[in-house]
Protein chains: 2
Amino acid sequence: MSPFSRDLIDLPASDGRPVLTIDLAAVQANWRLVRNSAHGARTAGVVKADGYGCDAIHVARALKVAGCDLLFVASADEGRALRQDPQLDDIAVCIFYGCMKGDELDFKNNRLIPVHNSLDDYERWKPFWFDGPDPAGFALHIDTGMNRLGMSADDAAAIAADPDFRSAPIVFAMSHLASANTPQSPQNDEQRRAFAAAASGLKTVHPGLPLSLANSAGVFLGADYCLDIVRPGIALYGGQPISAKPLPLEPVVQLHAPILQVHHVGPGETVGYGGTHTTARKSRIATLPLGYADGILRAAGNQGFGILSGAKVPMVGRISMDLTTVDVTDVPESDAQPGSYVEILGKNVTIDQLGAASGSFGYEILTGLGNRYRWRHINQPDPGPSAGR
Amino acid sequence: MSPFSRDLIDLPASDGRPVLTIDLAAVQANWRLVRNSAHGARTAGVVKADGYGCDAIHVARALKVAGCDLLFVASADEGRALRQDPQLDDIAVCIFYGCMKGDELDFKNNRLIPVHNSLDDYERWKPFWFDGPDPAGFALHIDTGMNRLGMSADDAAAIAADPDFRSAPIVFAMSHLASANTPQSPQNDEQRRAFAAAASGLKTVHPGLPLSLANSAGVFLGADYCLDIVRPGIALYGGQPISAKPLPLEPVVQLHAPILQVHHVGPGETVGYGGTHTTARKSRIATLPLGYADGILRAAGNQGFGILSGAKVPMVGRISMDLTTVDVTDVPESDAQPGSYVEILGKNVTIDQLGAASGSFGYEILTGLGNRYRWRHINQPDPGPSAGR
């Protein structure tokens, strides 16, 4: 018995293009799993980098139908793209990069919530707070050890001491964990305490101020980390946030590549650029129409694998720009013909596995998904009678 | 004196987005350099993978104005996209993947030239040769050691023996070198001889049949490799085909990222996820709004560098999805402010250097260039009075 599932999703007849399938019901199921683990915290959804490469609009719609009312993206452009969608008109959108100088009115008009990363960001935003019918809400990001983005505890204290802060339309304060995927790291507790200390001054002025610290991994560090708002990203897309403690997440991305050609190769022959793979026996080598230009990282050459007819088919030789070669010698010849689909990602090969085989991780696999594939979003939710205006 | 150029290209005032500049005059200059080295061979241009990530339409137009009349792409979809452009109406377009079953009429209607990779491809194409006003020209790809794509020498012999072949509208025959970037590899000469032998049968029937073997690197192996048609790719985009023998290529891609925020960090502090960089001294760490979702490979963390005010600024800590941190301690504080542009690729940092720092090569840097950048194509050629109909 093969350990690999032969239950393929419903795939179209091959037209020679790889088929990329994004399962939106899986996104929803994963979001619910996080929400049910978040100790009652409001559960946002992180859809930056075009929804981790899965198409931000489709993912955001699915999250909204599941009950999510708060989204995070990196840049203002990403926020504006979400705002163009009528189905997402009433969802809150936060911008991690904050608001660039000169972009304030556009933020306000599009109801984008800037995450202020410095005292200067905060000061520059003040004129817009109550200038217009709606308050221009904002968030604060306090850096507690990433040294990447966010203000210092001193800056947060200066804001707490600012008389104007009393009337500020602040939505929440946040920090970001550097080592949440390593639960035993002492940095987690250090950051948690530093955030609590820095936020305490803000809470003196705004006692009900919601706090947010946890990414996907942070949720599973416990209630002390979930606080009021959690911001899952990778888990929504089926990536394990803590590899040592796998969750029952559903695979969101499935990638199937049809065989373009099969080469019958004798023993001792080499495959691909630089001849980095030498056949040990008489072999059949199948060529697939995808490569590093499609997001199969070049580092996966001679490391990754696909699944065909319930068997592992190793990637042999270097990954080319547009082509990948897999050894199908162990698959019956009738199952390894031009047009036969090889699973590259799916029920049997997770993004984490392909990421690890590429010397990277699942996140980089997701954000590299190429645009030459035949893209399909399946299980699109019904937005309901009030949506789609 | 700094070894790095401070001559920045004309950059727009920062709006917080990285600026990606594609210099089309550099593409043209590089194409001319290859052509002038090709011993009189017809010099094509390879624009697959969206013009190696630089936008196939822009690149193809520039090549055409420079004198190129033959393009190569991987897939039929890529060929159809070129055909949509009126300026490219009269340029020949070849499809490396060949023609999938059922796509024959569309190929013919779009005047796409399939590269047949098997005897079956060839047989399937026959009914279309002279069925219509124009002959449906095709090419043949003979595999000589890649074991990736292309027909065997036996298949080529069978075609040469086919009585129908005498009237076939064959455009050229090709093979592909596996080790051209290593001039001393014996595989080069082996492939050259194998190709000549396999093609000789075809040439008995079609004495004038043009032959094509060389990619960018192959051109610089000498006249024996240039044959009738050369197919440069990477050199057009400024990547060195043979790193041991650098050519005076012009940089095509320039990437400048504005500083989002600067952190003042004490000695012994860590930066980024997992705390993989520890500061050795009091440091200033600048955060840039780009990451692996934008094509800065995660493997460049703690390995790559940028240039700011004539100084190297090393990438420190892990590359995040949307953020990269560089150490700007050695740059005067007034030059390292929010909005200051850091060169990530350009006159001082080649795609080959960033590729090597990422454990990869320039090709993968090119094809990963992200779409969140502010894209600019500069030095767009004038298509001339007869174009743009």
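Author: Start with T43(A). Leaving aside residues up to four places away in sequence, T43(A) touches W31(A), V34(A), R35(A), A38(A), C68(A), V230(A) and P232(A). The model is predicted. T43(A) sits in strand 2 of chain A, which covers residues 42–43. Is T43(A) buried or exposed? T43(A) has 26 C-beta neighbours inside 10 Å, so T43(A) counts as buried; the cut-off for that class is 20 or more. A178(A) lies 135 residues from T43(A) along the chain, and their C-alpha atoms are separated by 20 Å.

Strand 3 spans residues 45–46 and pairs with strand 4 of chain A. That pairing is parallel and has two bridges. V46(A) has F72(A) as its bridge partner in strand 4 of chain A. Strand 4 of chain A also pairs with strand 5 of chain A, residues 92–95. Here too the sense is parallel, over four bridges. F72(A) stands opposite C94(A) in strand 5 of chain A. Between strand 4 and strand 5 of chain A, the chain runs through helix 4, residues 76–83. This β-α-β crossover is right-handed.

Now the side chains of strand 4 of chain A, residues 70–73. Which way do they point? L70(A) and F72(A) point one way. L71(A) and V73(A) point the other way. All four of these residues are buried.

Move on to a helix pair. Helix 7 of chain A covers residues 153–161, and helix 8 of chain A covers residues 186–205. Their axes are 8 Å apart and meet at an angle of about 10°. The two helices of chain A are therefore roughly parallel to each other; the cut-off for that label is an angle under 35 degrees. Helix 7 of chain A contributes A153(A), A156(A), A157(A), I159(A) and A160(A) to the contact. Helix 8 of chain A contributes A194(A), A197(A), A198(A), G201(A), L202(A), T204(A) and V205(A). By class, the contact between helix 7 and helix 8 of chain A has 10 nonpolar, two polar and no charged residues.

Another sheet of chain A is built from three strands. The sheet is open, its order is 12-15-18, and its pairing is antiparallel. Strand 12 (261–265) and strand 18 (324–327) of chain A are at the edges. Each has a single partner strand, so one side of each has no neighbour in the sheet. From one strand to the next, the twist averages 30°. Strand 15 of chain A, residues 283–288, pairs with strand 18 of chain A over four bridges in the antiparallel sense. Within that pairing, A286(A) has V326(A) of strand 18 of chain A as its bridge partner.

What touches chain B? On chain A, 48 residues are in contact with 48 residues of chain B. Helix 2 (48–52), strand 12, strand 15 and helix 12 (362–367) of chain A each supply at least two residues to that side of chain A. The residues on this side divide into 19 nonpolar, 20 polar and nine charged.

Cross over to chain B. Three strands of chain B form an open antiparallel sheet in the order 12-15-18. Strand 12 (261–265) and strand 18 of chain B stand at its edges. Each has a single partner strand, so one side of each is left without a neighbour in the sheet. Neighbouring strands of this sheet are turned by 30° against each other on average, direction ignored. Strand 12 and strand 15 of chain B pair in the antiparallel sense over five bridges. There H263(B) has I285(B) of strand 15 of chain B as its bridge partner. Strand 15 (residues 283–288) and strand 18 of chain B pair in the antiparallel sense over four bridges. In strand 18 of chain B, T325(B) is the bridge partner of T287(B). Strand 18 of chain B covers residues 324–327. T324(B) and V326(B) point one way from this strand, T325(B) and D327(B) point the other way, and all are buried.

Finally, chain A as a whole. Its secondary structure comes to 12 helices and 20 strands. The C-alpha trace of chain A spans about 80 × 50 × 40 Å along its principal axes. Of the 389 residues in chain A, 57% are buried. Among contacts in chain A between residues at least 6 apart in sequence, 66% join residues at least 24 apart.

How values were computed
Residues are numbered from 1 along each chain as its sequence is written. Chains are lettered from A and ligands numbered from 1 in the order in which they are written. This is a predicted model: local features need pLDDT of at least 70, side-chain atom pairs count only at pLDDT 80 or more; totals for chains, interfaces and linings use all residues. Axes are lines fitted to C-alpha atoms, for helices over the stretch in contact, and angles run from 0 to 180 degrees between N-to-C directions. Angles under 35 degrees count as roughly parallel, over 145 as roughly antiparallel, 65 to 115 as roughly perpendicular and the rest as oblique. Two residues are in contact if their C-beta atoms, placed from the backbone, lie within 7 Å. Ala, Val, Leu, Ile, Met, Phe, Trp, Tyr, Cys and Pro count as nonpolar, Asp, Glu, Lys and Arg as charged, and the others, Gly among them, as polar. Two strands pair if DSSP finds at least two bridges between them. A residue is buried if 20 or more other C-beta atoms lie within 10 Å of its own, exposed if 12 or fewer, and partly exposed in between; C-beta atoms are placed from the backbone. A crossover is right-handed if, with the strands pointing away from the viewer, the path from the first strand over the helix to the second runs clockwise.
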